[in-house]
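Subject: Structure handover

Hi,

Here is the structure I promised to pass on to you. My notes on it follow below the model.

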Amino acid sequence: MATERSFPDSFIDEDPQKALEELNEALQGDCDNAEWFCQRAYAHILLKNYSCAIDDAKKAQQLKPSLPLAFMRMGIAEYHLNHYESSHAAFTQGHQLDGSDKSFEIWVQRCEETMDKQNQTGSVGRTTAMPPVKHDWYQTESQVIVTVMAKNVPKDGVHVSFTERELSATVQLASGEDYSLNLHLLHPILPQQSTFKILTTKVPHPTHPVSHSDSHLYFS
């Protein structure tokens, strides 16, 4: 029967586009499966279709309001759209449903830190121009990929440190200013197996999973 099909995170990690297509097909036959909507939201997140992920997470919540994973998917998608208040609300609701899942606490803390930084930036004064640096990242149970986009970064101007739950990087920009990045990770990694590279172009996310314990940081 169709309801017996399974779409674990590991399957989606391996090929998000293929997983999305199979989930589309499965949901045509069973449009009341909240878990499948959650997993399709996960595929959308990996493919950076964040608005679609939010739509699927909402459908999962409507079908099964007590499903914590639906709030996790929504929170992550909202966060990547820079909707930090909505993201915080989703993670808070998810944590209320499942207090044993520490991932919600980590995401709630991260949202609060991001919102605090935004408030500080707005109140400190708008006369200082911020360095034009962007970063892109996502984390699954099998991989962490971070890309920092900064121009003309010297090799000796990058300092990166890894801990089990945090990634920190300081980059010396061409302007002479330092750019700092601190990420709280959803799952633990093995710092000794984590790496970073300085490249001349932005690196696309890998289509295959790496070790659960690995973290990769790219600079372009």
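First, a definition: buried means under 20% relative accessible area and exposed means over 50%, with partly exposed in between (1.4 Å probe, protein chains only). Two words on the source as well. This is a predicted model, where local features need pLDDT of at least 70 and side-chain atom pairs count only at pLDDT 80 or more, while totals for chains, interfaces and linings use all residues. Residues are numbered from 1 along each chain as its sequence is written, and side-chain values use heavy atoms, leaving out hydrogens and water.

**Overall picture**

The protein has 7 helices and 7 strands; helices (H or I, at least four residues) and strands (E, at least two) are DSSP runs, numbered from the N terminus. Read from the N terminus, the order is α-α-α-α-α-α-α-β-β-β-β-β-β-β. Of its 220 residues, 46% count as buried. Among contacts (heavy atoms within 4.5 Å) with a separation of 6 or more, 54% are between residues 24 or more positions apart.

**Helix α6**

Helix α6 covers residues 84–97, 14 residues in total, and spans 20 Å from first C-alpha to last, close to the 20 Å expected; that expectation is 1.5 Å times one less than the number of residues. Its buried residues are Y84, S87, H88, A90, F91 and G94. They lie on the same side of α6, because they cover an arc of only 165° around the axis, taken from the directions from the helix axis to the C-beta atoms. On the face turned away from that buried side, α6 carries the exposed residues E85 and Q96.

**The cores**

A nonpolar core here is a set of buried Ala, Val, Leu, Ile, Met, Phe, Trp, Tyr and Cys residues joined through side-chain atoms within 4.5 Å. The largest has 19 residues, of which I45, M72, I76, A77, F91 and W107 touch the most other members. Helices α3, α4 (50–63), α5 (68–80), α6 and α7 (102–124) each supply at least two residues of this core. Leaving aside residues up to four places away in sequence, F91 touches F71, M72, G75, I76, F104, W107, V108 and C111.

W36 sits in helix α3 (residues 34–46) and is buried, with a relative accessible area of 4%. Its C-alpha atom is 6.9 Å from that of L23, 13 residues apart along the chain.

Best wishes
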